[in-house]
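Thanks for coming, everyone. Let me put the sequence and the model on the screen, and then we'll walk through it.

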Amino acid sequence: MGSSSSNLNTIPNSQELMQETGFSAAHLLRLYERFEFLDKDNKGHLRPEDFEAVQELSTNPIGDIIIGSFFSPGQETVDFPSFVRILAHFRPAEKNRTRDGAQPEPANSSTGKLKFAFQLYDRDRDGKISREELLQVLRAMLEMQVTEEQLESMAERAIQEADLDEDDAISFDEFKKSLEKVNIDHKMSIHFMK
Amino acid sequence: MEEFWAGVFWAMKIWLIMIISLIMIPAMFGFSLGISETYMTILMKTLKWATQKIQKANAEERAANNSPSNGLILRENGSMEKELGELRRSRPKPPVGGDFTLSDCFYFIRRGIESIVEDEVTQRFTSEELVSWNLLTRTNNNFQYISLKLTLVYGLGIFVRYCILAPLRITLACIGLSWLVIGTTAVGFLPNWRIKFWLSEWVHIICYRICARGLSAAIQYHNRENKPKKGGICVANHTSPIDVVILCNDGGYAMVGQVHGGLMGVLQRAMVRSCPHVWFERSEMKDRHLVTKRLKDHVSDKTKLPILIFPEGTCVNNTSVMMFKKGSFEIGGTIYPVAIKYDPKFGDAFWNSSKYSMVSYLLRMMTSWALVCNVWYLPAMHQQEGEDAVQFANRVKSAIAHQGGLVDLQWDGGLKRAKVKDTFKEQQQKKYSSMVVGDDSSSNSD
């Protein structure tokens, strides 16, 4: 339940956030309430433990990896603007947007969503998904269910399929190419209700 | 000075006489003078009027804003197989072995982010959100000043609740509890004649009726033909300790629980004198076999009252039913399910034990408008052939959830402050691995 009469004024920089992320005022308010709810000790920022309190997230095989994606490398806290910026990736993409070359790519476009997924794999943010990084994600998703050899052969196959310039790693463009037939917008969007 | 004290005593005497005659005596004999009914009617009319006023004023705002009782997101609940199948449709299936693709993780990512934005469990441990304000300070979220009349009614409400109702209710509660202790001890001195059982039931019911008046409880019992019988086990959803008062107003039950110290301990020892309840020492609770045996013994004795158990093991906010622990369903015997649903408009019955202590919770209850609830007695259920305790528990849980209009969840309420067991995560991993590794039996050895 929200605190007493929170309105947009309690959220710092709300107008800029709305511009940047594309969330409506009502949604931003609800997300702020959610942020405050997860922040049980009222610290003003979230730590990994606050995310881990969500039971459903603990049953997700890559739950820890998703939690990690909220935190920039080396950071242990995430504040509200960063929280919302990550969630903005999952807004449904706007259709019929005129592409203006000068504007930065919005977070919720197909490319923005792909970039988010790419960074989930590419933990050290060096722009390439190495074999080891791919193995880490596979291990998280399958853990006890398959042998190490099976994991490695799956990773091998995935890299062979996607790696076009044969540098034994998957760059962002190769990632994008291998997923070009997938309806990214549909699969990586959350329906925010009016 | 003396006249002052004499005056005070006189006022207190009148106060007590009024309470005894107008509330206690009708409670003892089970009839009603209509005072609480009148109060409830006035209360409902007032709240309805307040709701209309607020809605009129907020008509335009409502169109733009999110109504608080709606969720924030609409979750797509497709199964893992269906969604991963869709994700992979774009790729030809590889000839050999597994079928992992880079896009598989999209499904998990989306589910994970959905959980972060809104999840089923944590919202069950906060009080239910009201659609419209019920003139209590504690539920005042975004409701701004509307009109002078409304504010006056609100102020009057505060005065009535804190200065008139609360002292009245506290007095009643004290009288009720002391009556329980005295009465049960007195009955305990009688030898085991038939009349002892009858008297003990009478004493118990009176005490609970007085306590119920002490909370201004308006309870509706449905399907009383299904009421739990002796030698059975009564199972209900748990929202607060007051559930016990609600259920015992309509019949006697044998309680099960840990031995406490202090006031609770006094009550427990007194109650046990007049009729058998099952109280466990803390050390005994750890030994599951001992617990089950004692309960089994109690149940097999058909002269003893039905046991009252809350299988959720914790208080939930009355919008959903959480996992039923299977222990109660392994005892054998007939299960009588009961569904309890409180009406949140008149008072929030949920005890958030991490937020409020027992005493502050009771005070909050006594300064609410009233406690309105519905109790449904469901037909008796037995464990069927080939059904294990967990499945039986889930069946009973669904029946209760369905009757009470509550959401049926499979999560364990006892874990609201702890981490979830890894078995759920493993289930997800197993499911995923069967899609990835598939029927490639040659690499599945060991």
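Which residues does A:L120 touch, not counting residues up to four places away in sequence? Hold that while I set the ground rules. This is a predicted model, in which local features need pLDDT of at least 70 and side-chain atom pairs count only at pLDDT 80 or more, while totals for chains, interfaces and linings use all residues. Residues are numbered from 1 along each chain as its sequence is written, chains are lettered from A and ligands numbered from 1 in the order written, and side-chain values use heavy atoms, with hydrogens and water left out.

Back to A:L120. Its contacts (heavy atoms within 4.5 Å) are A:I62, A:I65, A:I66, A:S69, A:V137 and, from chain B, B:I109. A:L120 sits in helix 7 of chain A, residues 110–121. Helices here are DSSP runs of H or I, at least four residues; strands are runs of E, at least two; both are numbered from the N terminus. A:L120 counts as buried, at 5% relative accessibility. The cut-offs: buried is under 20% relative accessible area, exposed is over 50%, partly exposed is in between, with a 1.4 Å probe and protein chains only. From A:L120 to A:E133 is 13 residues in sequence and 9.5 Å between C-alpha atoms.

Now the record. UniProt, in an unreviewed entry, puts "domain: EF-hand" at residues 109–144 and 150–185 of chain A. Such positions are given in the numbering used here, feature names are shortened, and annotations may be inferred rather than shown by experiment. In the model, residues 109–144 are 67% helix and 6% strand, with end C-alpha atoms 36 Å apart. For residues 150–185, it is 61% helix, 6% strand and 31 Å.

Next, salt bridges: a side-chain nitrogen of Lys or Arg within 4 Å of a carboxyl oxygen of Asp or Glu. A:E76 is in the loop between helices 5 and 6 of chain A, and A:R47 in the loop between helices 2 and 3, so the pair ties together parts 29 residues apart in sequence. A:E76 is partly exposed at 48%. A:R47 is partly exposed too, at 25%.

Another joins A:D167 and A:K128, at 3.0 Å, N to O. A:D167 lies in the loop between helix 9 and strand 2 of chain A, and A:K128 in strand 1, so this pair ties together parts 39 residues apart in sequence.

In chain B, B:R395 bridges to B:E387 at 2.8 Å. B:R395 is partly exposed at 27%, while B:E387 is buried at 15%.

On to chain B as a whole. It has 14 helices and 10 strands. Buried residues make up 46% of its 446 residues. Areas come from the Shrake-Rupley method with a 1.4 Å probe; for residues, only the protein chains shown count as cover.

Last item: what forms the nonpolar patch on the surface of chain B? Its members include B:F29, B:W193, B:I195 and B:W202, and the whole patch has about 920 Å² of accessible area. Patches take residues with over 30% relative accessible area and no salt bridge, joining like charges within 9 Å and nonpolar side chains (Val, Leu, Ile, Met, Phe, Trp, Tyr) within 5 Å. Helix 1 and helix 7 of chain B each supply at least two residues. B:I195 lies in that helix 7 and is partly exposed at 45%.
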